[in-house]
Amino acid sequence: MAGMNEQTVVDPLVLMVSLAQSESMLAMAAFVGSLALAWTMAWGVRRLSGGSDMAILLGRKLYDGVLFPAVLLGLVFVARTVLTRNQSIVLFEILLPVCISLLVIRFGVKVLQVAFAHAPFVRVLERTISWLAWGTVVLWVTGILPLMLNELDQIRWKVGGSMLSVRTLIEGALTAGAVLIVALWVSAAIESRLLKSATGSDLSLRKVISNTVRALLMFVGLLLALSSVGIDLTALSVLGGAVGVGIGFGLQKLASNYVSGFVILAERSLRIGDMVLVDGFEGRIVDIKARYTVIRALNGRESIVPNEFLIINRVENFTYLDTKMAQTTLVSVAYDSDVELVRRLLIEACISQERVLKDPAPNAFLSKFGADGLEFTVSYWIDDPENGQLALRSTINMLILAALREQGVVIPHLQRVVQMVSPSSKASTD
């Protein structure tokens, strides 16, 4: 930003006069040509790539990505270099800052949209970046920005062995923001590449790698930003010690959840897509974050479970080593029923369903001589528990009921005899 001090003020009268000259008309024609050429190049790249995995570069509408303003800036810079060899053209002093501002806005906005897809604060950050970029262009072109920077540079104070000013803090904040956006861009690209076509255990492992890379890039970027401001990084050792003490005492659960999250992702005991039962809540794991795991039930409810809970408590994983799962249902018939006929009807009802596996085959067992009838246990296997279990069991139970009724097999009802004793009878007995 030091070069901004040398920016000359564009006099509005000089600007109006220069716009009427043939050189400005030529510069405007070059700008329009650059727009058309940049649009064509971005469109060609979209056609060649199919628009896949290039959300930051191309965007959704071609012009709202990073590629279009980046190519436009390059073309305008080339046009300025060619057309201003013999004379200066004031119009380029406006066109170049506008192109730079457009590139900054699109780059910052697209990276934030990809890195924080569903975060509510992204919209506010987008507007903030837009206002800052366009405001800086206006102040720069009018020559007010260099004057403001000079005045802010005069407000100084000493912090330890470093001399800071308001201008230094502003430049440091802008540098930190730029570095963090670049770090998010790189991490988003790495995550998109790692998670592409990954499933099961590979998806969990690549997820932990992408989270680790993002955290490291943001940490390194923050250190570079602080160093660029002039802050001595050795002073952060005291802060690091304080943070360590805070984690040790006040943030034990939080630290434990983060460590547990990385342990789960690294050892792959729980993976995205697994069907689990946690504390009576059954569902599929849809996401594993560093601090918590999201489990979605088949009825649409979602449970956010701290990772420490998954480490220290018993968790049933229906699809850890094998996706096959056994289901059973109980059937009671009268004592005078044909046992072999009943077994055949029960097995046929299970076999008729496509989701029931043929190997191992369904089976029916005479499991108990009940007080009211013979009790059979029907057992069958499925390999897609994520598609629901209650609906299949209900369908099989209805088929069994219809088959038993059709064959005349009696299903006994619970019967109890209640004997009423009158007071007179009790007295006579005594």
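Two strands pair if DSSP finds at least two bridges between them.

**Figure 1. Overview of the predicted model, a protein of 430 residues.**
The protein contains 15 helices and 10 strands. Buried residues account for 33% of the 430 residues. The accessible surface is about 25,700 Å², and carbon and sulfur atoms hold 63% of that area. Take the contacts between residues at least 6 apart in sequence: 62% of them link residues at least 24 apart. The average pLDDT is 75, and 70% of the residues score at least 70. Residues 1-9 have a pLDDT below 50, although this stretch makes 20 contacts in the model beyond near neighbours in sequence. Where pLDDT is low, the predicted coordinates should not be read in detail.

**Figure 2. An open sheet of 5 strands.**
The strand order is β6-β5-β4-β3-β7, and the pairing is antiparallel. Which strands form the edges? They are β6 (302-306) and β7 (316-317), and each pairs on one side only. Strands of a sheet pair through backbone hydrogen bonds, either parallel or antiparallel. Strand β3 covers residues 275-278, and β4 covers residues 281-288. These two strands run antiparallel and share 4 bridges. β3 is also joined to β7, by 2 bridges, again in the antiparallel sense.

**Figure 3. Val-276 and its partners in β4 and β7.**
Follow Val-276 across the sheet. In β4, its bridge partner is Gly-283. In β7, Val-276 stands opposite Asn-317. Another bridge can be found here: Met-275 has Arg-284 as its partner in β4.

**Figure 4. The hairpin of β3 and β4, with Asp-279 in the turn.**
The hairpin has 2 residues between its strands. Asp-279 belongs to the loop between β3 and β4. Most residues other than glycine have a negative phi, and most peptide bonds are trans. Is Asp-279 buried or exposed? Asp-279 counts as exposed because its relative accessible area is 66%, and exposed means over 50%.

β9 and β10 run antiparallel, joined by 6 bridges. In one of these pairs of strands, look for Phe-365: its bridge partner in β10 is Thr-377.

**Figure 5. The largest nonpolar core, of 25 residues.**
Which residues have the most contacts inside this core? They are Val-333, Leu-346, Tyr-380 and Ile-400. Four elements each supply at least two residues: β8, α13 (339-351), β10 (374-382) and α14 (390-406). The largest share, 7 residues, comes from α13. In soluble globular proteins, nonpolar side chains tend to be buried together. Now pick out Leu-346. Beyond its neighbours within four places in sequence, Leu-346 touches Val-331, Ala-364, Phe-376, Val-378 and Ile-400. Another core, of 15 residues, lies apart from this one, and its members include Ala-27, Phe-31, Val-71 and Ala-79.

**Figure 6. Ser-332 in strand β8.**
Strand β8 spans residues 325-333. Ser-332 has a relative accessible area of 24%, so the residue is partly exposed: the value falls between the 20% and 50% limits. Ser-332 and Leu-374 are 42 residues apart in sequence, but their C-alpha atoms are 5.4 Å apart in space. Which residues does Ser-332 contact, leaving aside neighbours within four places in sequence? They are Gly-373, Leu-374, Glu-375, Ile-411 and Pro-412.

**Figure 7. A cis peptide bond between Asp-359 and Pro-360.**
Where is Pro-360? Pro-360 is in the loop between α13 and β9.

Conventions. Residues are numbered from 1 along each chain as its sequence is written. This is a predicted model: local features need pLDDT of at least 70, side-chain atom pairs count only at pLDDT 80 or more; totals for chains, interfaces and linings use all residues. Side-chain values use heavy atoms; hydrogens and water are left out. Buried means under 20% relative accessible area, exposed over 50%, partly exposed in between (1.4 Å probe, protein chains only). Contact means heavy atoms within 4.5 Å. Accessible areas come from the Shrake-Rupley method with a 1.4 Å probe; for residues, only the protein chains shown count as cover. A nonpolar core is a set of buried Ala, Val, Leu, Ile, Met, Phe, Trp, Tyr and Cys residues joined through side-chain atoms within 4.5 Å. pLDDT is the predictor's confidence in each residue, from 0 to 100.
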